[in-house]
Amino acid sequence: MNKKSTLLILLCVLADQFSKFLIAKFLTSPVKLIGDFFVLEKNMNDGIAFGIEINRSIVMILTLVMLFLILRFMKTELNMKKNISKAAGVLIIGGAVGNFL
């Protein structure tokens, strides 16, 4: 991974954390962006997918394992010379790290 990719991942993580902060601080009621089709709404979930309750330590370990597997897949199976593959990798890693925090 080069410096440019690392910087873009960092920017994704910062944008993720900043947007979560803004939502938590300022969104008090749903905001309709495109009629009833696209509504921005705050929803807190202490569990994992679908609100499944699980020990936080297990979630952290599973997140790290999945991140490792994704990185390995990207290295072995994807052509990381293509910009679309690089962009996908940056967004996936940035999102995973943002959720880990």
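This is a short exchange on how several labels in a predicted model were reached.

Biologist: Why is D16 called buried?

Modeller: D16 has a relative accessible area of 19%. Buried means under 20%. So D16 counts as buried.

Biologist: Where is D16, and what does D16 touch?

Modeller: D16 is in helix α1, residues 3-26. Leaving out residues up to four places away in sequence, D16 touches G98 and N99.

Biologist: What makes K20 and D16 a salt bridge?

Modeller: Their closest N and O atoms are 3.1 Å apart. The rule asks for a Lys or Arg side-chain nitrogen within 4 Å of an Asp or Glu carboxyl oxygen. The pair therefore qualifies.

Biologist: How are K20 and D16 placed along α1?

Modeller: They sit four residues apart, about one turn of the helix. In general, an α-helix has 3.6 residues a turn, so residues three or four places apart point the same way.

Biologist: Why is K20 called partly exposed?

Modeller: K20 has 36% relative accessibility. Partly exposed lies between the 20% limit for buried and the 50% limit for exposed. So K20 is partly exposed.

Biologist: How many salt bridges does the rule give?

Modeller: Two. D36 and K32 also form one, with the closest N and O atoms 2.7 Å apart. Both D36 and K32 are exposed.

Biologist: Why is I34 called exposed?

Modeller: I34 has a relative accessible area of 53%. Exposed means over 50%. So I34 is exposed. I34 lies in strand β1.

Biologist: Which residues form the nonpolar patch on the surface?

Modeller: V31, L33, I34, F37, F38 and L40 form the patch, with about 610 Å² of accessible area together. Strands β1 (31-34) and β2 (38-40) each give two or more residues. The largest share, three residues, comes from β1.

Biologist: What span is expected for helix α2, and what does α2 reach?

Modeller: Helix α2, residues 56-77, has 22 residues. From first C-alpha to last, α2 reaches 31 Å, close to the 32 Å expected at 1.5 Å a residue.

Biologist: How do you know that the buried residues of α2 line one face?

Modeller: V59, L67 and M74 are buried in α2. Seen down the axis, the buried residues of α2 fall within an arc of 75°, so they line one face of the helix. Their cover includes α3 (83-100).

Biologist: Which residues are exposed on the other side of α2?

Modeller: I61, F68, R72, K75, T76 and E77 are exposed there.

Methods. Residues are numbered from 1 along each chain as its sequence is written. This is a predicted model: local features need pLDDT of at least 70, side-chain atom pairs count only at pLDDT 80 or more; totals for chains, interfaces and linings use all residues. Side-chain values use heavy atoms; hydrogens and water are left out. Buried means under 20% relative accessible area, exposed over 50%, partly exposed in between (1.4 Å probe, protein chains only). Contact means heavy atoms within 4.5 Å. Patches are made of residues with over 30% relative accessible area and no salt bridge: like charges are joined within 9 Å, nonpolar side chains (Val, Leu, Ile, Met, Phe, Trp, Tyr) within 5 Å. Accessible areas come from the Shrake-Rupley method with a 1.4 Å probe; for residues, only the protein chains shown count as cover. The expected span of a helix is 1.5 Å times one less than its number of residues. The arc is that of the directions from the helix axis to the C-beta atoms.
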